[in-house]
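Please examine the protein shown below, first as a whole and then through one of its helices.

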Amino acid sequence: MKYESKAWAEPEGPCLRNFDEQGELDSVNGALALRPQIEKILDQLWEEGFDRIFFIGIGGTYASAMQVEVYLRGRSALSVYAENAAEYLTTGNRRLTERSVVVYSSVSGNTPEMVALVDKVKAQGARVLAFVDTPGSVLAQPDRWDHLICYPKNEQLKFYMTANYLMYKNGEFPEYDRYNREMEACLARGLAEVEKSADGWAWAYAKSKAAFLKEHPDLPHYFIGAGNQWGATYSYAMCYWEEQLWIRTKSITCPEFFHGMQEIITADTPVTLFMGEDEQRPLAERVARFLPRVCGNYTIIDTRELPMKGISPEFRGSISHLMMHAVNNRVDAYLELFLRHPLSIRRYYRQFEY
C-alpha cells in the first residue's frame, strides 16, 4: 500500500497551506484588546516617572526592539534605546539606571540570555514591563517583573502599542484615538487579506527559490531593508531562513548596501528587497533603482502594493512590517513543503548546552 501524507503532498498550485484564517483573526484582535491593560501600566509608570526606556531582546526579539526604536526615533523626544541582551550582560549600559524602564518580550519565557538580563536589570532597580507568551515559565514568575502581560504571539504589535501610548502621553500622537479605531476595526482582517492575496505569488516565489537552492546550495540569499523593515529583514533572514530552514543568508540595511555589498551583486545573485512605507522608504527606493542595472535574480516585495482596507495611508507605515510578515508567512509555508523541511526542527538550537 502506498502511504501519502496529505500534509506533505505537493500541490499543483497555491492552496493557502497552513493558513488558519479564524485563528489569525482571533490572535490579532486578542492582541489589540490588550490596549487598556497596556495603557493602565504605562499610566502608572508615567506617574512614577522614568528617565529612559529600553526595549531589550535577543535574536528575533532584538529585531522587534530595533523596529520599535526606529519607529520612535523620528517621532518622539523620549529617550528610547534598543539593546541586545547578550551585549548588555557583557558590556552594560550606564544610561540604564534605577529610574529606567525595561520592556521585553519572550515566547518561551526561559531563554537564558533574557533570564540573566532580567535578573541583572532588576538588581539595578530598573522597572520591568514583560510580555511573556508562556504562563508559568521562568520569566513569568513574580520576582522577574514589575508588570506582566501574558498573551501569545504578536510581539511587534504589542511593542508598537506600547510605543504609541508613550507618544500619546508625551503629546506627540494627536491621532491616537483615530489610529486605534482603525486598527481595532480593520487590522486583523487586513492582515488576513494580505496573506490570501499574496498566496499565489508566495507559492511561485518559494518554488523558484527552492529550485535555485538545490542548484546552488552554498550561495547565500541576500536580504535588504530599511526603517522598520530592517528589523523584519534581519529577523527573517536569521530566524526563519537560517534557523528554521537552514538556508544561508546575508542581511543588510539599505544605506549600508551601497558601501560593500553592492560590489558582489552579479547577474545571478539571489537578492530580495523589503520595501515598506515609513520615512525610510526612499532608502529602499534607491536600492530598487540600482538592482535591475546589475542583477537578473532580484525580488522586490513592496507593501505599498498590498491591500489594507480601512487603514489611512498615513498609518500604513506603522504596520508595513506586519504586512511583510503576513507575506512571509505564505512563503514559509511553501518553502517548508518544497524543501521537505519542517520549520520546527533544529540542528543545534536548544538541543544541548553551549
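## Basis of the model

This is a predicted model, in which local features need pLDDT of at least 70, side-chain atom pairs count only at pLDDT 80 or more, and totals for chains, interfaces and linings use all residues. Residues are numbered from 1 along each chain as its sequence is written, and side-chain values use heavy atoms, leaving out hydrogens and water.

## Overall form

The protein contains 12 helices and 9 strands; helices (H or I, at least four residues) and strands (E, at least two) are DSSP runs numbered from the N terminus. Its C-alpha trace spans about 60 × 45 × 45 Å along the principal axes.

## Contacts and burial

Of the 354 residues, 56% count as buried, that is, under 20% relative accessible area (1.4 Å probe, protein chains only). Among contacts (heavy atoms within 4.5 Å) between residues at least 6 apart in sequence, 80% join residues at least 24 apart.

## Helix α12

Helix α12 covers residues 320-338, 19 residues in all, and reaches 27 Å from its first C-alpha to its last. This is close to the 27 Å expected at 1.5 Å a residue, a span counted as 1.5 Å times one less than the number of residues.

Of these 19 residues, 17 are buried, so α12 is largely enclosed by the rest of the structure. Just after α12, R340 takes a positive phi of about 50 degrees.

Methods
Buried means under 20% relative accessible area, exposed over 50%, partly exposed in between (1.4 Å probe, protein chains only).
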